Every structure is written in C-alpha cells, then in structure tokens.
Amino acid sequence: MAKITAVEAEPVKTVSPYTNPNQELRYKLYTIGILLAIVAAWEMAPRLGLVSPIILPSFSAVIGALITLLQQDFFLRHFTVTLTEIVIGFILGTAIGLSIGIALAVWPTAKRIAYPLVVGFQAIPKIVFAPLFIAWFGFGMSSKVVMAVVISFFPVLINTLVGLESVPEDARRLMRSIKATPLQTFRKVSLPHALPVIFAGIKAALTFAVIGAIVGEFVGASEGLGYLVELYKNQLRIDRVFAVIVILATIGAGGYFLLEWLDRKLIFWRDDSESK
Amino acid sequence: MAAQTQKPAPLERAAQGVPIIEIEGLGKTFAIDTGPVVALESVDLTIRKGEFVSFVGPSGCGKSTLLNMVAGLLPASGGQAMLNGDVIEEPSRKVGFMFQTAVLLPWRTVEQNVLMPAEVFGTKNEATRQKARKVLEAVGLGDFTDAYPRQLSGGMQQRVSLARTLTYEPDVLLMDEPFGALDEFTREAMNLELMRITQAAGITVLFVTHNISEAVFMADRVVIMTPRPGKVSGVIDIDFPRPRVIEQMQSQKFTDLIFQVRGILGHGQDNSS
C-alpha cells in the first residue's frame, strides 16, 4: 500500500468542457438569433417590394412550394435518383481515396512515382470533366456517380496519406523495438492514429459527392434534383428552385451529422489527440 | 581506448561481473549532403548484468545514437555491440526501450497499452494479464488500469510506459531521457522508483540523460560523453551504497563526483572546439 501513496499526490486530469454552460447557451442563442434575422429579412424583402417575388420569393412562399413539391408523385423518383448517385459516389470515392492513400503511405516507391500525378490531377478543376462524362457514360446515373467519385476521392486520399505519415517517430521506434511486423504497426498504431484526419477527409468527401452529383445533373440529365433545379429555373418557378435547394441542403446536412456522430463514436479519444 | 574504467569497479550492484552487453569499437558515421559526420567515435564498454549505467553529455555527444545501436534500431558503421555474447543486428525482445515521451496509444486504456507488446508477441493470455496488473500495481497505477492516457498526468503516463516495458520482462532496459519532460519533483520520485524496481528485478539499465546529478545519483557507473565528434571521454565508478537515498546527494563525496564529471565534460569540449 505504501507504494500507492506516492502516486496519489499526482492529480487525475478531469476531462471538462472549458467553457461554462451559460456561455455555451448564450452562443447558441446568438446563432439562432442571426438565423432568425436572415429569415425575417428574406420574408420582408419581397413583401416590402424591395425585390421582385419572381427573383426572390418570400420565405413563406418557399416553404409553401416545398410542401407542395413533397406531395408530388414525381418528387420521390427525382429524390431517390440524386440520393443514390450521392451515396454510391461517396462510398466509391471514399473507398478509392482510402485505398490509394494507404498504398502511397505504406509503399514509398509508389508515392514517389504517383504523388506528382495525384497532385497534378488535383490541380485540374474537375467540374470541366462533367460534359465529358456525359458523353462517355450517358445521361443516366453512372455519369453523375463518376463525377461524384472523381471530385470526392481526393480529400480522402490526401488525408489518409497525411494521417498515416504523421505517426510520431517514437511510436514507430517503439513498435520496431518490440519487433512488430509492418502489418501489426499499421493496424495497432498507424491506422488508429490517422483515423481522426481520415475522417475529416471523409466528411469533406460527402460535401464533394453532393456537388459532383448535382453538377452532373446540371450538365445533362433527365431526372434528379439537379435536373429539377434546371427545369424550374427555366420555368421561372424560383420558389420551387429554392425548395429543391432546401432539400439538397437537408441531404448534405443529414449526411454530415451522420458522419459526425460516427466520428464521435469511433474516435472517442479525439480531445486527447488534438491537445497533444 | 576511448572508454576506460578509471579504477576497478566495486561491483556493488552488478552480479559478480557477468557481462551482458559488450561494446567493441562501436561507431557511427552519418552521410549527409556536406559529407560524412561522425556521430559517435569508436566506443569500447562492457556492461555487467544488473548494472545501472548512466550516459551523460550535452546534445550531439552521440549518447542517443549509442543507445539506438544497442537497441538494434540503428546499424553501426563500425565495430559491434553484443547482447549475451550475440552480435546485435536487430531489436530484441530481451531489450526494452523507453523514450522521452510515454508513447501511449490514446485509444487504449492503461491496461490495454501495457498489454500491447504481448499482443505483438502473440502471448496475450490470462498469465500476461495477471503480470500486467501486478506491474501496474508496482508502479502505483493499480487503481488506474481502466483509465485512458488523457486522464493521467505526465508522470503517470511515464509510469504506464515503464509498466509496458517491465511487463514483458526484458533483461536490459534502455532509457533515452525518459523523465526529461517531467517536472523536477516528479522526475526525482520517478528516478527513485525506477531504481527500486529495476534493482529488485535485476534488470540492467542504460540510462541516457543530460542531467549530471541525476546521472551520478542513479548509476553504478557514469559514462561521460562529449560532442563534435561524439565520443566517450571518461567512465566514473559510483560506489554509493544502495538503495540510494536523496540524502546522499548532500554529501561531500557526491559534490566531488559531480565536479569530476564536469571536469571531464569540460576537457572534452575544450579539445574539440
């Protein structure tokens, strides 16, 4: 027991939020306040005749259009098409980014050869590929999926590479000193260490996948939410354009919060890895 | 003749002179853009089983390089180091290495961190679990087995690091300024505990530090190293009785030994610059 007394002098660090709850609540109220102010201005501007309702329909008009749109039979088809493109594009993009990132991180020769190509590829504004992909893969979903993959894999790739390469030298030395195999070091140290950074890349990939799918639909499609935006814009039904934008924002935010939740579950030690 | 024992070792702690690490003409030269840089000139040194040897010197004296070569983490440019008569060519599980940082995995609990080497060795079972708990108890962390590293102070994190190494029962413990990042009080407590534990287990310790009084206080022998080029400039026997107590640091003899080390350090630097 005598051994333990020496230790008790050292305090256990408590994991406590560094802002007090009152302040936290106040910031939340400010955020909501600003949001309400924007909505109020949006509602009032067309009503007061500051802008034409054709150019900017009032907030309530948009909500009305949204409710109408959600009740249409054709809506679900367009929604499903876009959601499918986003999900498949995001999953494939993430898988490709992860695979290439891991390959480049564990195989230095491959990195030397391929890294300049990867960076060069990233320098191209990939939106310009959209018309090309329509020509290659047609007006259906596949061209949009390819577009989503092409712009979403890169953040995952680069974050995987950076995360795996940022493993502290001492951790590598520790694993070498106990004769860990490269696979053991990868699984037990490198991959978990890189996970927070990889996840940040995956979150960015989701946003990019949404952009990819929509841009693909803008350029050439006969269905999907991007197609609906184009259609309603041409019909000057701006309230419906806004309604579709609200739906797209909901898809993006929903996916983001899902990933955020997964992130917190998976990387429960995050506070620590950032403060060190 | 870079390393020479200045008087016969009293073998106060070492088990009657059985050598465990034999270093013969061990040197390291790094090739960099501007040409070869001698990180460590040829070193000869024999370390006996159970001995506590400190390596002290300023940055760039090659003490970490020497430790890394003994660990089998860095190939030698010349000469060799042997462990139990076998030339060291790669890391050995009989040798534990402790770094300046605790190198704990933040997603693992204290116990899971301590058992990580056993997972790598494929020896994780109820016996190693028991052993881990016993060692954690011994380093004063018996109540913290399920805590995560972020919940521990710097000193406690280094205790976990020590427990992780001790759990796989190495014959030799290599320590590269292990408590250098800790505050003075914690470091002193850790040093005393380290001596108690390694002496009880009969572990041979190679302890790298740039703190002269720490080096003298803890060791059976102090190896003094000087930079540009890195080399061993002297070896001093410390024959204070064990267990060591803080009061020994107040004696005239301790002060004399510190001055002796300082003298050799000063000489080395005068000669090379």
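In chain B, helix α5 (residues 154-167) and helix α6 (residues 184-201) have axes that come within 11 Å and cross at roughly 15°. Because angles under 35 degrees count as roughly parallel, α5(B) is roughly parallel to α6(B). The crossing in which α5(B) passes α6(B) is right-handed. On the α5(B) side the contact is made by G155(B), Q158(B), R159(B), L162(B) and L166(B), while α6(B) contributes T186(B), M190(B), E193(B), L194(B) and I197(B). Sorted by class, this contact of α5(B) with α6(B) has 5 nonpolar, 3 polar and 2 charged residues. These descriptions refer to a predicted model.

Chain B as a whole has 8 helices and 10 strands. Its radius of gyration is 19 Å, close to the 19 Å that the globule rule gives for 273 residues, so chain B is as compact as a globular protein of that length. Along the principal axes, the C-alpha atoms of chain B fill a box of roughly 55 × 45 × 35 Å.

For chain A, an unreviewed UniProt entry lists residues 54-74, 86-107, 114-139, 145-167, 197-221 and 241-259 under "transmembrane region".

| Span of chain A | Helix | Strand | Distance between end C-alpha atoms |
|---|---|---|---|
| residues 86-107 | 95% helix | 0% strand | 31 Å |
| residues 114-139 | 73% helix | 0% strand | 32 Å |

Methods
Residues are numbered from 1 along each chain as its sequence is written. Chains are lettered from A and ligands numbered from 1 in the order in which they are written. This is a predicted model: local features need pLDDT of at least 70, side-chain atom pairs count only at pLDDT 80 or more; totals for chains, interfaces and linings use all residues. Side-chain values use heavy atoms; hydrogens and water are left out. UniProt positions are given in the numbering used here, feature names are shortened, and annotations may be inferred rather than shown by experiment. Helices (H or I, at least four residues) and strands (E, at least two) are DSSP runs, numbered from the N terminus. Axes are lines fitted to C-alpha atoms, for helices over the stretch in contact, and angles run from 0 to 180 degrees between N-to-C directions. Angles under 35 degrees count as roughly parallel, over 145 as roughly antiparallel, 65 to 115 as roughly perpendicular and the rest as oblique. A crossing is left-handed if the near helix is turned anticlockwise from the far one by less than a right angle, and right-handed if clockwise. Contact means heavy atoms within 4.5 Å. Ala, Val, Leu, Ile, Met, Phe, Trp, Tyr, Cys and Pro count as nonpolar, Asp, Glu, Lys and Arg as charged, and the others, Gly among them, as polar. The radius of gyration is taken over C-alpha atoms; the globule rule is 2.2 Å times the number of residues to the power 0.38.
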